[in-house]
Amino acid sequence: MCWQPEYEMLPREQLEALQLERLQTTLAQAGKSPYYGAKFAEHGIAPQDLTDISQIRQLPFTTKEDLRANYPYGFVTVPRDELVRLHCSSGTTGNPTVIFHNRHDLASWAKLVARSLYAAGARPHHVFQNICGYGLFTGGLGFQYGAECLGMLTIPSAAGNSRRQIKLMQDFGTNVVHAIPSYLTRLYDVFEELGVAPTDTQLKLLVIGAEPHSEETRKRIEALFGVKAFNSYGLSEMNGPGVAFECEHQNGLHIWEDCYVVEIVDPVTLEPVAPGEIGELVLTTLDRQAMPIIRYRTRDLTRFLPGECVCGRTCRRIDRITGRSDDMFIIRGCNVFPIQVEKVLMEIPQVGNDYVIVLETKDDNDQMTIEVEVSREWFTDDYSQLESLRKLISHRVRDEVLVTPSVRLVEPGALPKSEGKAIRVRDLRQKG
Ligand code: AMP
Ligand code: ZN
């Protein structure tokens with residue numbers, strides 16, 4: 001039930017035929033919503049006119065602004081009585097982005113998460129602990145139902161209280177943990193405080209996602225916990241987790257093309273990028289009834305990876321998300337993605353696991369300061385050593401992003417921690 005070769009391993013031609021059929025159904029359904037009903041009428045779109053999946057490019061994009069402007073029910077296609085759950089996307093002010101599901105949608109989503117977990121190596125006899133916020137955030141209930149659908153004993157331990165998390169892991173023999181990467185490094189610190197080695201637990205694999213992280217961060221997490229960490233990508237607008245996931249081979253994320261049409265476009269021209277080029281991921285739901293979304297501009301930047309995966313799944317793979325087009329900041333004329341800074345920092349062994357980039361205006365000039373936790377093992381009060389580490393960080397970051405940052409070293413654990421996704425950039429610049 002969780003391993004679905006009839007979808008995951010379809011030859012391209014058959015997959016595209018399935019996509020076309022599902023897209024036509026999706027468009028017919030979407031047309032019942034006030035938003036798409038009007039949009040399709042305006043553009044003269046009739047689902048049966050599509051004869052090839054590539055013609056999806058003729059359809060209009062949908063943006064987060066469209067979702068917010070039609071808050072709350074403008075995209076809903078079914079009577080209110082049929083709706084059984086809503087989720088919201090994180091981190092925005094004003095009207096949130098709300099996604100509604102009916103029973104079919106929730107069952108389909110749970111299957112996708114189950115399939116994803118299975119691909120990473122989770123099995124029904126495993127114990128799964130879901131260490132993330134439950135509530136409007138999709139990582140909580142999304143993984144809960146997905147893990148249950150796979151048949152795992154699932155511990156909804158939610159966020160926070162690291163000591164209790166470790167106790168639950170020990171007492172129930174947790175094999176699989178899902179958590180946000182920035183939290184896992186904190187959890188490891190508590191393991192250390194308690195004098196417990198993660199390798200002395202039954203842990204077999206980690207699932208990490210929901211926020212951007214570099215390959216270097218993944219390697220650190222794997223080294224700390226002594227198990228593989230699999231990248232999980234998703235967004236509320238497309239359900240949440242279970243959109244794209246790494247299989248056991250960890251070479252990019254299989255994106256479930258039987259349930260999503262995947263495009264990668266140039267964020268400026270909105271035309272498809274050349275094969276293998278980085279661009280903005282655009283997704284269309286193919287198995288959602290209550291609130292289908294057509295050509296959603298995710299703002300997430302990635303590329304298709306070439307070739308086929310050794311696991312035999314034919315669903316294409318995308319590279320880890322290198323950032324969001326709206327994450328990028330411009331400082332002294334240089335475009336910088338936070339993940340570039342993270343990659344440099346995590347390559348330096350003396351650097352701890354947390355950092356924040358602060359942008360300020362000083363004497364009319366934009367200034368970038370990186371506050372960096374020093375690693376616990378290396379921490380010293382030898383001024384000259386700290387000074388050379390500071391310089392090293394500053395030079396390496398400059399080589400990567402072409403702007404010389406100030407570096408402020410702080411003690412391990414000194415930076416403020418957020419409950420959910422980590423905040424990596426504080427932009428305090430005077431605007432205008
Ligand atoms: P939300 O819908 O609030 O949960 O946020 C979804 C967003 O989180 C995505 O659009 C991405 O920007 C980010 N995200 C989720 N998973 C990952 C991941 N594995 N790597 C990088 N960014 C991610
Ligand atoms: Zn694979």
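This is a predicted model: local features need pLDDT of at least 70, side-chain atom pairs count only at pLDDT 80 or more; totals for chains, interfaces and linings use all residues.
Figure 1. Domain 1 covers residues 1–326 and domain 2 covers residues 329–427, and the C-alpha centres of the two domains lie 30 Å apart. The contact draws 23 residues from domain 1 and 21 residues from domain 2.

**Figure 2. Helix H9 against helix H10.** The axis of helix H9, which spans residues 215–225, comes within 8 Å of the axis of H10, and the two axes cross at roughly 45°. Because of this angle, H9 counts as oblique to H10. From H9 the contact is made by Glu216, Thr217 and Arg220, and these residues meet Glu342, Lys343, Leu345 and Met346 of H10. Sorted by class, the contact of H9 with H10 comprises 4 charged residues, 2 nonpolar residues and 1 polar residue.

**Figure 3. Helix H10 against helix H11.** Helix H10 (residues 338–346) packs on helix H11 (residues 383–401) at an angle of about 140°, and their axes are 9 Å apart. The angle makes H10 oblique to H11, and the crossing of these two helices is right-handed. H10 contributes Gln340, Val341, Lys343, Val344 and Leu345 to the contact, while H11 contributes Ile393, Arg396, Val397, Glu400 and Val401. By class, the contact of H10 with H11 holds 6 nonpolar residues, 3 charged residues and 1 polar residue.

**Figure 4. The peptide bond from Tyr71 to Pro72.** Most peptide bonds are trans. The bond that leads from Tyr71 to Pro72, however, is cis, with omega near -5°. Pro72 is placed in the loop that runs between helix H4 (64–69) and strand E1 (85–88).

**Figure 5. The backbone at Arg295.** A negative phi is found in most residues other than glycine. Arg295, although it is not a glycine, has a positive phi of about 45°. Arg295 belongs to the loop between strand E11 (279–285) and strand E12 (296–302).

Methods:
Residues are numbered from 1 along each chain as its sequence is written. Chains are lettered from A and ligands numbered from 1 in the order in which they are written. Side-chain values use heavy atoms; hydrogens and water are left out. Axes are lines fitted to C-alpha atoms, for helices over the stretch in contact, and angles run from 0 to 180 degrees between N-to-C directions. Helices (H or I, at least four residues) and strands (E, at least two) are DSSP runs, numbered from the N terminus. Angles under 35 degrees count as roughly parallel, over 145 as roughly antiparallel, 65 to 115 as roughly perpendicular and the rest as oblique. A crossing is left-handed if the near helix is turned anticlockwise from the far one by less than a right angle, and right-handed if clockwise. Contact means heavy atoms within 4.5 Å. Ala, Val, Leu, Ile, Met, Phe, Trp, Tyr, Cys and Pro count as nonpolar, Asp, Glu, Lys and Arg as charged, and the others, Gly among them, as polar. Domain bounds come from an automatic or database domain assignment.
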